[in-house]
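Hi,

Here is the structure I promised to pass on. Have a look at it first, and then read my notes below.

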Amino acid sequence: YKAFKERLDGVATLMEKYPFVKGAFVNEVGMLNCAPTEEDPICVPDSGSYPARDVPDFGCPSNPELPNGLASFITQLFELVKNATTSDGRSVVKSFAWFNIDRAGGTYNLRLFGEDGSVNAAGESYMEECRKWGVHEGIAAP
């Protein structure tokens with residue numbers, strides 16, 4: 001979350017310096033299924049503390065940091081999105097798009113739907129957080 005917040009703060013700084021910059025589009029958001037290392041940036045799937053292979057759907061397992069796995073991750077990201085503003089109150093994030101792919105490029109299963117087409121816990125979280133963000137921005141009814 002630290003790196004994401006730093007990037008959002010960087011966009012806010014640019015928006016303040018250059019008022020014609022209206023905000024950021026945040027695309028292909030997801031979570032890698034590997035050990036985070038700066039020394040070796042190559043993602044080796046299932047090498048982290050919470051490997052996808054340990055759960056049937058290959059999603060992020062529930063853990064102390066993320067009690068609801070990816071659903072908790074999504075909720076925490078949207079808190080950062082909603083709170084990212086310039087000093088004069090303008091929202092930084094204008095678009096937020098989830099990756100929604102199963103284990104591509106070293107990710108967990110990021111799909112928002114189960115095999116049967118039903119919305120899964122991550123999908124429920126994504127829809128709810130998008131709704132809350134819309135309310136926060138004044139573009140959706142409470």
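Setting aside neighbours within four places in sequence, Val92 touches Leu8, Val11, Ala12, Met15, Gly23, Ala24, Ala84, Thr85 and Thr86, where contact means heavy atoms within 4.5 Å. This is a predicted model, in which local features need pLDDT of at least 70 and side-chain atom pairs count only at pLDDT 80 or more, while totals for chains, interfaces and linings use all residues. Residues are numbered from 1 along each chain as its sequence is written, and side-chain values use heavy atoms, without hydrogens or water.

Val92 also belongs to the largest nonpolar core, which has 29 residues; Leu70, Val92, Val93, Phe96 and Trp98 have the most contacts inside it. Such a core is a set of buried Ala, Val, Leu, Ile, Met, Phe, Trp, Tyr and Cys residues joined through side-chain atoms within 4.5 Å, with buried meaning under 20% relative accessible area (1.4 Å probe, protein chains only). Helices H1 (2–17), H2 (70–83) and H3 (121–137) and strands E1 (24–29) and E2 (93–98) each supply at least two residues of this core. H2 gives the most, with six residues. Helices here are DSSP runs of H or I with at least four residues, strands runs of E with at least two, numbered from the N terminus.

On to the open space. The largest pocket holds about 1300 Å³. Of its 37 lining residues, Tyr1, Met31, Leu32, Pro36 and Phe73 are the closest to its centre. A pocket is an open set of points on a 1 Å grid over the protein atoms alone, where a 1.4 Å probe fits, with protein on both sides within 12 Å along at least five of seven lines; lining residues have an atom within 4 Å of a point.

Happy browsing!

Methods. Buried means under 20% relative accessible area, exposed over 50%, partly exposed in between (1.4 Å probe, protein chains only). Grid points are joined across faces, edges and corners, and a volume is the space filled by probe spheres set on the points.
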